[in-house]
Amino acid sequence: MNDYLSLLNPEQQLAVTNINGPVLILAGAGTGKTRTITSRIAHIIRNGHAYSDEILAVTFTNKAANEMVSRVLELTGTNIPWLGTFHAIAAKILRMHAEIVGLNPNFTIIGVDDQLQVIKNIINEINPDYLSEKYKTIMNIIQQWKEKCLLPSEVEDVQSFRPVYVTALKVYYQYQERLKFLNSVDFGDLLLYNIQLFNKKTEVLSYYQNKFKYVMVDEYQDTNAIQYLWLKYLAKEHSNICCVGDDDQSIYSWRGAEVENILKFSDDFKNAKTVKLECNYRSTSHIIATASYVINHNKTRLEKKLWTTNIEGEKVNLIKLWDGKAEARFISEQILKLNKYRFSDIAVLVRATFQTRVLEEYFIKYSIPYKIISGVKFYERQEVRDIIAYLRLVTNNNDDLAFERIVNRPKRSIGATTLKKIYTTAQDNKISFFEAAKILVNSDQVTERIKLSLNDFLNKIKAWEEIVSVKPLHEFVKIVANQSGYMEMLENEGVTGLARIENVKELISSLKNFDSTITFLEHISLVMEVDNMNSDDTVYVMTLHAAKGLEFPCVFLPGWEEGLFPHQRSFEDKSGKALEEERRLAYVGITRAKERLIISCADRREINNQWQPMSTSRFIKELPRENVEVIKNSAYC
Ligand code: ATP
Ligand code: MG
């Protein structure tokens, strides 16, 4: 086993060996925050300060968690069972005590599309004329309340707010009840129920408070109110909490993150030590100088320095192109020229997901292998969710959301009218949709044709139940995808169906890694797409938000234009805060690069099928001249 301490500088060592009491590590990008946390866990275990299951460590993505787990495993030979994302750990705790908050331990964690479906059903009952565009707004408002740890009864008087808040609160009450009836929770509920659990049963809370002797948090700047509260509860007994973060990388305020949590830390945890790390090990000095210069334009910052002893490297490249297509062509040609790098050493980080379309077009043209880590998570894709819904309904007949989703997919002549009948029968008798459908099959309420079709569907589900436990999961799902007619439906869809067939196949092959349906369902409900980056040699295209914590030898940052980056929305906020967040995003983007950084902008761009003139981003004007080389290339202009 290599000696972890010798791989650290004196400040990092200090942060690793000072394990008692609260510690705040406040440091710039690439200064080894994540490495420090990992080494700290190893230090605690190797010196016998705690057992591996007495350490709670929270990170932002499953990918980061997996990397940390395997690094600690290398250093100590042990696994850390309580290292994961807030959601994964909260889900684990909730499963153990689900009954206390009125849930069954095998509850389902639902995704966005299911959330919207429930909201739609509720609104249809309250006011069928309600505008469907507002469903998402309502979902987001509910989510925001949850991020602030507010139950429906705790939401303050909304009468003076915009009318949509009044509707949202009405929906929130019913939404929570409905999900409970379905034995389901959404992402926000995981922490909300944890807090409820801790408040209701103080003995459960004390159990965890005693159990977790050491608590550690990475990417602390992006915690929101409820996450902070959850941490405070859990770390109370020992106060051995170590948070690492960088206020300059706080980029999730739109998801309720509160950078003020960094400032609150010393108030809530008395005598907190603050450690600063200033030496960046990741990037060349031109890149670091550029990042520091840009972020210096922000007014609200904590005092922090960032320097590096790394080589100067090449200057940051800047190029202005004729239009979005020329930009994509330029990036493609550069990638092919950068042949000292593998494709997977290269990342293109975009501000908005629409930017990926034209890039994709040119990568195909130039035969560049690429992977888009898009906003839509793999497991949120319609076809993937549909197949999963079959699996859910087979494992749990009471899963009404799954039933509703697939009863007519592929088409089985079960339209809105029949669904309504199923819905009312279920409500009247307080039974599941599945049971209600059985009643309808034996009644005169629907036509013979529908009876036959419904009956066939119910029989299939029952027949699959017989084989689910005897077949390997991937084989089972393959059978279901075929026998249900789902694959045939996709085959008849033509070109669009092809990509979707590929997705179903990918799902089936990913199932090989799971031995039980339950572990798989838990996995899919918690992973994010960035977690699925694998070892293929492909260029990665992703949003700046998704790139947090990652590093690549070579990074392209396209689309630096006013309205795109900084984003249009940030202009609406007159306080200037939103603009500062955009600048932090620029800082995150720049600091992902180890050796090469290429920033670009275009004079015109196709947005929503319309060509628009674009003007150069103010962030480009904020770049330091001495570290940047402007490329003039008439081929692209
Ligand atoms: P970010 O702010 O982007 O999350 P970070 O502060 O978490 O960055 P790490 O990802 O831990 O930084 O480290 C950045 C890079 O520097 C990694 O490649 C890491 O292996 C390396 N590194 C960290 N500390 C040292 C050190 N003391 N000596 C050499 N390399 C180091
Ligand atoms: Mg990190």
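Because the model is predicted, local features need pLDDT of at least 70 and side-chain atom pairs count only at pLDDT 80 or more, while totals for chains, interfaces and linings use all residues. Residues are numbered from 1 along each chain as its sequence is written, chains are lettered from A and ligands numbered from 1 in the order in which they are written, and side-chain values use heavy atoms, with hydrogens and water left out.

**The ligand site**

The shell around ligand 1 holds 19 residues, of which Lys33, Thr34, Gln249, Glu551 and Arg592 come nearest; a residue is near a molecule or strand if one of its heavy atoms lies within 4 Å of it. By residue class the shell divides into four nonpolar, nine polar and six charged members, where Ala, Val, Leu, Ile, Met, Phe, Trp, Tyr, Cys and Pro count as nonpolar, Asp, Glu, Lys and Arg as charged, and the others, Gly among them, as polar. Helix H2, residues 33-46, gives the most to this shell, with three residues; helices (H or I, at least four residues) and strands (E, at least two) are DSSP runs, numbered from the N terminus.

| Residue and backbone atom | Atom of ligand 1 | Distance |
|---|---|---|
| Leucine 7, backbone N or O | Ligand 1, nitrogen | 3.2 Å |
| Glycine 32, polar backbone atom | Ligand 1, oxygen | 3.1 Å |
| Arginine 35, backbone N or O | Ligand 1, oxygen | 2.9 Å |

Taken alone, ligand 1 exposes 640 Å², and the protein buries 83% of that; accessible areas come from the Shrake-Rupley method with a 1.4 Å probe, and for residues only the protein chains shown count as cover.

**Annotated segments**

In an unreviewed entry, UniProt lists residues 6-284 as "domain: UvrD-like helicase ATP-binding". In the model, the span of residues 6-284 is 50% helix and 11% strand, and its end C-alpha atoms lie 23 Å apart. The UniProt annotation "binding site", also from an unreviewed entry, covers Ala27, Gly28, Ala29, Gly30, Thr31, Gly32, Lys33 and Thr34. UniProt positions are given in the numbering used here, feature names are shortened, and annotations may be inferred rather than shown by experiment.

Glycine 30 sits in the loop between strand E1 (23-27) and H2, and threonine 31 is likewise found in the loop between E1 and H2. Glycine 30 counts as buried because its relative accessible area is 12%, the classes being buried under 20%, exposed over 50% and partly exposed in between, with a 1.4 Å probe and protein chains only. Threonine 31, at 0% relative accessibility, is also classed as buried. Neighbours within four places in sequence aside, glycine 30 is in contact (heavy atoms within 4.5 Å) with Cys279, Asn280, Tyr281 and Arg282, whereas the contacts of threonine 31 include Gln12, Leu277, Glu278 and Leu306.

Within helix H2 lies histidine 43, which is buried at 9% relative accessibility. Not counting residues up to four places away in sequence, histidine 43 touches Tyr4, Val16, Thr17, Ile19 and His49.

**Two further buried residues**

Isoleucine 142 belongs to helix H6, residues 134-147, and counts as buried at 1% relative accessibility. Beyond four places in sequence, isoleucine 142 contacts Ala168, Val171, Tyr172 and Tyr175.

Glutamate 582 is part of helix H25, residues 577-590, and is buried at 6% relative accessibility. With neighbours within four places in sequence left aside, the contacts of glutamate 582 are Arg351, Phe565, Pro566, His567, Ser570 and Phe619.

**Backbone geometry**

Asparagine 271 has a positive phi, near 60°, in a residue other than glycine; its place is the loop between helix H11 (260-268) and strand E8 (273-277), and it is exposed, with a relative accessible area of 73%. Asparagine 609 has a positive phi near 65°, is found in the loop between strand E14 (593-607) and strand E15 (610-613), and counts as exposed at 74% relative accessibility.

Technical notes. A polar contact is a pair of N or O atoms within 3.5 Å; within protein, one must be able to donate a hydrogen and the other to accept it, and residues adjacent in sequence count only if both atoms are side-chain atoms.
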